[in-house]
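Biologist: Before I use your labels for this chain, I would like to see what stands behind them. Please show me the model.

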Amino acid sequence: MTLTSESPARPEHEHRPVSVLRLIACGSVDDGKSTLIGRLLAETNSVPEDQLDYARRTRRGGSTVPAGEVDYSLLTDGLEAEHEQGITIDVAYRHLDLPSGRRVIIADAPGHEQYTRNMAVATSTADVALLLVDATKGIRAQTRRHLAVCALMGVRTVIAAVNKLDARGFDHVLHEELAGGVRAAAAGFDVEDVEVIPVSALSGDNVIARSANMPWYHGPTVLGALAAWQPPAPKIADGDDSGFRLPVQYVVRAGDFRGLAGTVVGAPVRPGDPVVVAGSGAASTVERVLGPDGEVDRADPGTPVTVTLASELDVRRGDLLTTPPATRGALQPATAFSAHLVWTADEPLAHGRSYLLLAGPLMVPAVVTTIRGKLDVTSGEQLAARTLGINEIGTVELSTDGAISLDRYDASRDTGSFLLVDRVSKDTVAAGMIRYALRRGTNIVPHDYAVDRAARARLKGQQSRVIWLTGLPGAGKSTIADALERRLHGMGLHTYVLDGDNVRGGLNKDLGFTPEDRAENVRRVAETARLLLDAGLIVIVALVSPFRADRMVAKSLFEAGDFVECWVDTPAEVCAERDPKGLYAKAKAGKLPNMTGIGQGYETPEHPDLVVDGAGSLEETVTRLVSVLVLVQGA
């Protein structure tokens, strides 16, 4: 759509007034965003009088606003630290009432690069972006980064305010140059609906009323552009490929009545439509559709409804009703996806490490298997990357432990977005947008063989288990593994050792020693151990595996009792004195920057199943390990 004060008549089914417009306000530091938002709020009577009085009486250091006048920037920076530093730190939400009666929820996003993650979260629900550009500084890297985030998050309408034009004498030529630059940058991210408005937030030019200082400008004011915005018409044609979705927000119970309340997504819903519960596959038919004004024959996307089903199903808050698998627009469960990620954690992304994927009520372990590249926010090009750092935007492939149903993000924000969460700290580390399901994620169907793990173990007369030895280099893991296997072999038990250096000579020869490569190293060894466990073997793993999160993920692959984490607790000075492979000497000489315990830390296990003294008696250590296995064998 185009931002104009007049719009052509829409078909009747498109006349669905939106009571709330969600606006993300963004821009670089000191572009004047807080002042612009504050003026919008004040001049639309959206600010209480006591806050205006405060903004008249209070001045922060460096303020040029004359005493007695309103410092509009104070109306938005709500935290004390923001007032003290004169910056926006966290996303602040403000409400503005347009003359039409529509309410605007303004998300005031921070301008500093380190707070891009805050901006990304706020953008995920925005309809329109208000992007500030400082006429005295031009288009900066953060301007392009914000445009990139807006595009990824599905914001297709941008109002660009070229601010501080008064400081450049309201130069028409300069404005046109900056407007062209903004449009070109937006086009690089496939954002075409861009309105560029020359303003002075400080003096109010073109914010609420048209400016006499810029007679050459004939477009809308900022307020006028917001008032003229209309949501794009939903795709509701009967032949459309979008499938019906209903994220269940509430289960309505009243006597014998049981309805499922939510907002329609993707395609219309009608009585008689077949539906399934995503995940469980339980099927039924829509019996009634209740809209805001009563029972209806059809509810279009964006309509809040309560539906009843023809048969009783176990549907709970957070479940998803969707089109059946055999019909057009159905959600196809998959285990592998291509996605965009906005990385928000201080610790870089480690491909191969398992995270928790959260999508609405869904939570499933997921691994980033490939990083296809990261976005250069200046040029819009994809660059090669092995990892993603904080605030970087990348294209990745990820696999989930089980088949899940997710839409493309460009088809549905509601069912195409997800979060990645660290499995140890439980911190959110990334916001993700699904591009598409990978073919391999929909074409893999595991086969159940008649000869299973139990049958193989019976044939060998043993219970298969995994013993995972972790500890510093030189702690004695390989020595213990060797002695343990010899003892078990002498007892007639079938074993196999996965040694860190040995697997790096073959299976993992392509991996280095960065945190992300170490995560992948652990993942591959754990998956191999699981296969050997299934073969009925006792598997001994001797691996430094320095990071707690990676060991936790390895253990999560196994059933309770199948995995024994054993910490070989050897003092660092003893390991360095032993130095059986000369690694400590190389690290001390600066030739091994990623050496565990020197260049990289070792995270000791918090709750290991067993702790052995790597500096103690080898025979006693092996006896303890064998006793654990013997107890298991007899269980």
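This is a predicted model: local features need pLDDT of at least 70, side-chain atom pairs count only at pLDDT 80 or more; totals for chains, interfaces and linings use all residues.

Modeller: Residues are numbered from 1 along each chain as its sequence is written, and side-chain values use heavy atoms, with hydrogens and water left out.

Biologist: How many helices and strands are there in the protein chain, and what makes a stretch a helix or a strand?

Modeller: The protein chain has 17 helices and 26 strands. Along the principal axes, the C-alpha atoms fill a box of roughly 95 × 65 × 40 Å.

Biologist: What share of the 635 residues of the protein chain counts as buried?

Modeller: The share is 50%. Buried means under 20% relative accessible area, exposed over 50%, and partly exposed in between, with a 1.4 Å probe and protein chains only. Ser28 has a relative accessible area of 7% and is therefore buried. Ala576 has 37%, so Ala576 counts as partly exposed.

Biologist: Where are Ser28 and Ala576 found?

Modeller: Ser28 is in the loop between β1 and α1. Leaving out residues up to four places away in sequence, Ser28 touches Gly111, Leu132, Arg140, Gln142 and Thr143; contact means heavy atoms within 4.5 Å. Ala576 belongs to helix α15 (residues 572-578). From C-alpha to C-alpha, Ala576 and Arg60 are 56 Å apart in space, and they are 516 residues apart in sequence.

Biologist: Why is strand β5 (residues 157-163) called largely enclosed?

Modeller: Seven of the seven residues of β5 are buried, so the rest of the structure largely encloses this strand. Thr157, Ile159, Ala161 and Asn163 point one way and Val158, Ala160 and Val162 the other, and all are buried. In a regular strand the side chains alternate between the two faces of the sheet.

Biologist: How do you know that β5 pairs with β4 and β6?

Modeller: Two strands pair if DSSP finds at least two bridges between them. Seven bridges join β5 to β4 (residues 128-134), and these strands run parallel. Leu131 stands opposite Ala160 there. Six bridges join β5 to β6 (residues 193-198), also in parallel, with Ile197 in β6 as the bridge partner of Ala161.

Biologist: What is the handedness of the β-α-β unit made by β5, helix α6 (residues 172-188) and β6?

Modeller: That unit is right-handed. The term applies if, with the strands pointing away from the viewer, the path from the first strand over the helix to the second runs clockwise.

Biologist: In what order do the six strands of the open sheet stand?

Modeller: The order is β2-β3-β1-β4-β5-β6, and the pairing is mixed. β2 (92-97) and β6 are at the edges, each with a single partner strand, so one side of each has no neighbour in the sheet. The twist averages 25° from one strand to the next. β2 and β3 (residues 103-108) pair antiparallel over six bridges, with Arg94 opposite Ile106 in β3.

Biologist: Which strands does helix α1 (residues 33-43) lie across?

Modeller: Helix α1 lies across β1 (20-27), β2, β3, β4 and β5, running at about 160° to β3. Axes are lines fitted to C-alpha atoms, for helices over the stretch in contact, and angles run from 0 to 180 degrees between N-to-C directions. Helix α5 packs on the sheet too, touching β1, β4 and β5, at about 170° to β4.

Biologist: How do α4 (residues 116-123) and α5 pack?

Modeller: Their axes are 10 Å apart, at an angle of about 35°. Residues Thr116, Met119, Ala120 and Thr123 in α4 meet Gln142, Arg145, His146, Val149 and Cys150 in α5.

Biologist: What makes strand β15 (residues 334-343) largely enclosed?

Modeller: Eight of its 10 residues are buried, so β15 is largely enclosed by the rest of the structure. β15 pairs antiparallel with β19 (residues 393-404) over eight bridges, and Ile404 in β19 is the bridge partner of Ala334. Seven bridges join β15 to β21 (residues 428-437), again antiparallel.

Notes:
Helices (H or I, at least four residues) and strands (E, at least two) are DSSP runs, numbered from the N terminus.
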